[in-house]
Amino acid sequence: MSKPSTIEKDIYLPQLAAIEKRRLMNATEMYLRLKMDEGPLDYVPGQFVEVSVPGVGESPITVSSSPTQKEYFELVVRRIGNVTIAIHRLRIGDKVGIRGPYGNGAYPVEEAKGRNLVFICGGIGLVPQRSFVNYVLDNRDDYGEITVLLGTKCMAQRFFQSELDGWSHREDIHFMETVDEADDCWQGNVGVVTTLIPKIERELTSALVFICGPPVMYKFVLLALNEAKVPRENIFLNLERKMKCGVGKCGHCQINNLYVCIDGPVFRYSDLAVAPEAI
Ligand SMILES: Cc1cc2nc3c(=O)[nH]c(=O)nc-3n(C[C@H](O)[C@H](O)[C@H](O)COP(=O)(O)OP(=O)(O)OC[C@H]3O[C@@H](n4cnc5c(N)ncnc54)[C@H](O)[C@@H]3O)c2cc1C
Ligand code: FES
């Protein structure tokens, strides 16, 4: 019997990546800069990786850097359970396993060219959006106006502050921020992120709108966009579901006939008509 000429790549086999930088950004969110042992990670904005810690398990985490940054990639990990606590304990030089990048439904980088773009982010929802915003800023001439709305619970939970200050001082991006609860030091907007939407009615006309945040935010943002008459085809949502395999095999992330891991995690709102319970 002849030997098979190729060995099929094991889709569950992680590749190693080293932690080059780590920084606790607030009480629960850890910034990590990583480098793959075997050469750069090839991804597009909106994709995620399965990050594994030996002896503990693995978790899907979205890549937060822009792929225009070739030397390394960045993640932001919220400490919530076993795997994410183990990731927070890692030190510079430690290795993690990486599978992916995964997600065929990433941001529509090509379709968005020449269009005005509005990003609506809630809390940790800034993480995936940051990848596309920085990609657009690095390819600025290819895209129209950029508007970013960010809502955070309180000042202590804000992160990427110096980068956001940079955005707010640029002339080619309209950045607006709000916090749900302010203290005496806060000079800006107070209220949930939807309170900023009436202030950008002009920008919403004909823009592609990208939403990422906690599930409760989607309902109210979608109502506001509906009132502003933004067509469903122009709205994109980043969905999060519990995942296991990340590659469409286990069914953990299934919503009707959609698999968040392979059909998303970024979905066009009009395509979610087949799975209304997704939102
Ligand atoms: C596509 C995708 C991208 C993600 N990107 C990021 C990211 O960039 N940064 C980040 O910090 N987290 C991200 N997450 C969430 C992250 O994967 C989970 O928080 C992590 O797997 C929890 O693992 P754990 O072992 O630490 O906690 P567990 O013990 O597994 O869970 C702790 C608690 O969180 C709940 N939970 C776990 N995973 C999810 C989920 N996916 N949706 C809703 N509730 C959940 C559990 O039910 C439990 O209540 C992403 C999830 C998905 C599906
Ligand atoms: S996570 Fe297994 S099918 Fe999506």
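This passage describes the fold, the confidence and the ligand shell of a predicted model.

Residues are numbered from 1 along each chain as its sequence is written, with chains lettered from A and ligands numbered from 1 in the order in which they are written. Because the model is predicted, local features need pLDDT of at least 70 and side-chain atom pairs count only at pLDDT 80 or more, while totals for chains, interfaces and linings use all residues.

The pLDDT (the predictor's confidence in each residue, from 0 to 100) averages 94 for the protein. A score of at least 70 is reached by 97% of the residues. Over residues 1–6 it stays under 50. Where pLDDT is low, the predicted coordinates should not be read in detail.

Strand β3 (residues 48–53) pairs with β4 over six bridges. Within this pair, F48 stands opposite T62.

Ligand 1 is surrounded by 20 residues (C-beta atom, placed from the backbone, within 6 Å). The closest are S59, R78, G81, V83 and T84. Strand β4 gives the most to this shell, with five residues.

Conventions: Two strands pair if DSSP finds at least two bridges between them. Helices (H or I, at least four residues) and strands (E, at least two) are DSSP runs, numbered from the N terminus. Two residues are in contact if their C-beta atoms, placed from the backbone, lie within 7 Å.
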